[in-house]
Amino acid sequence: MLAINNVLLVLDQELDNKTAIKRAMQICKEQNSRLFVTTYIYNHACEEGSLADLTLRHDLKALLLEQSQKWAENLIEKFYLPKDTPLSICWCEHAYKAVLNNSEDDCFDLVIKAAANHHSILDRVMQHQDWNLLKACPAPVLLVKEKAAWEAKNILAAIDATSLDEAHKVINDHICEFAELLNIDRLYDIHIVNSFPTMSLTLASLPETPIPEDLQEYVSKQHINASRIISNKYNIPDQQTHVCEGEPEEVIVLKAKEIDADVIIIGIIPDDGLQNIILGSTLEHVLDETESDVLAIKTLDGVIDVD
């Protein structure tokens, strides 16, 4: 990750895209990036077998594409984006497929989209535009919440400092590297946050296991030392290195509110099974509960199709 050269803004016709557009403009200005815009539209009635009349199917598809084109062009004009901003209209049902279609011709360093509201497991499974995008996108994804602008100039990088898993180590570095990339002109303060468990709760399921009096202090020191190794590597001051007791999702949300974080950078490690539908409790909770933007980064740039 050497630079954010190309940024793809995904416009969702079912959401208010105003803040996402402003965020894309701000980032492109700070990063001297080129902005691309895409939106998507689809209707099953236009597919073979849905309607008997072939001409009607073609006419309906053409009408929907034309309406989407005009809708997107009006937004571009309304927010004073350059008239030569590349715009694509994709015939597909999901945001992630629109990104993949655009990625066939251009390589994007960041994808930006307005965040949808998800309030339950059912929402995450059945209304999964954002979840599929996070999982399948070949670039980091910034989901934009309601803040008008990144004015507090605080970036919160959420890490797992003590994990021995190689994927987590890679993610920690990617998170911090991208935080540095956003801070290219030294406009922001980078904070890192790491949580550690409350051992009395962790061991509550083992009632016969005695808990040493100094165990909590030992765990705390382990996490503090591991976090400082990472913060020193990226020149993050001790006062901006936060090591807190509690569940990761709760610690991240509370710390983001405390420092008024403009954006939380968090990692995704794809897994098999249920996590292919639900990305994991930490990301779910953070995205639903925080007022900050959420930037999700994966260990690999590969693309996973999620039909």
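In this predicted model, Phe-36 and Phe-108 are both buried. Their ring centres lie 5.2 Å apart and their planes meet at 80 degrees, so the two form an edge-to-face pair. Phe-36 belongs to strand S2 (residues 34-41), while Phe-108 sits in the loop between helix H3 (95-103) and strand S4 (110-114), so the pair ties together parts that are 72 residues apart in sequence.

Another aromatic pair is formed by Tyr-42 and Trp-91, whose rings are tilted, with 5.4 Å from centre to centre and 50 degrees between the planes. This pair, too, links distant parts of the chain, for Tyr-42 lies in the loop between S2 and helix H2 (54-78) and Trp-91 in strand S3 (residues 87-91), 49 residues apart. Tyr-42 has a relative accessible area of 26% and is partly exposed, whereas Trp-91, with a relative accessible area of 19%, is buried. The count of aromatic pairs comes to 3.

Leaving aside residues up to four places away in sequence, Leu-110 touches Ile-4, Asn-6, Val-7, Leu-8, Ile-27, Ala-139, Pro-140, Leu-142, Phe-178 and Leu-295.

Technical notes: Residues are numbered from 1 along each chain as its sequence is written. This is a predicted model: local features need pLDDT of at least 70, side-chain atom pairs count only at pLDDT 80 or more; totals for chains, interfaces and linings use all residues. Side-chain values use heavy atoms; hydrogens and water are left out. Rings of Phe, Tyr and Trp (its six-membered ring) pair if their centres lie within 6.5 Å; planes under 30 degrees apart count as stacked, over 60 as edge-to-face and the rest as tilted. Helices (H or I, at least four residues) and strands (E, at least two) are DSSP runs, numbered from the N terminus. Buried means under 20% relative accessible area, exposed over 50%, partly exposed in between (1.4 Å probe, protein chains only). Contact means heavy atoms within 4.5 Å.
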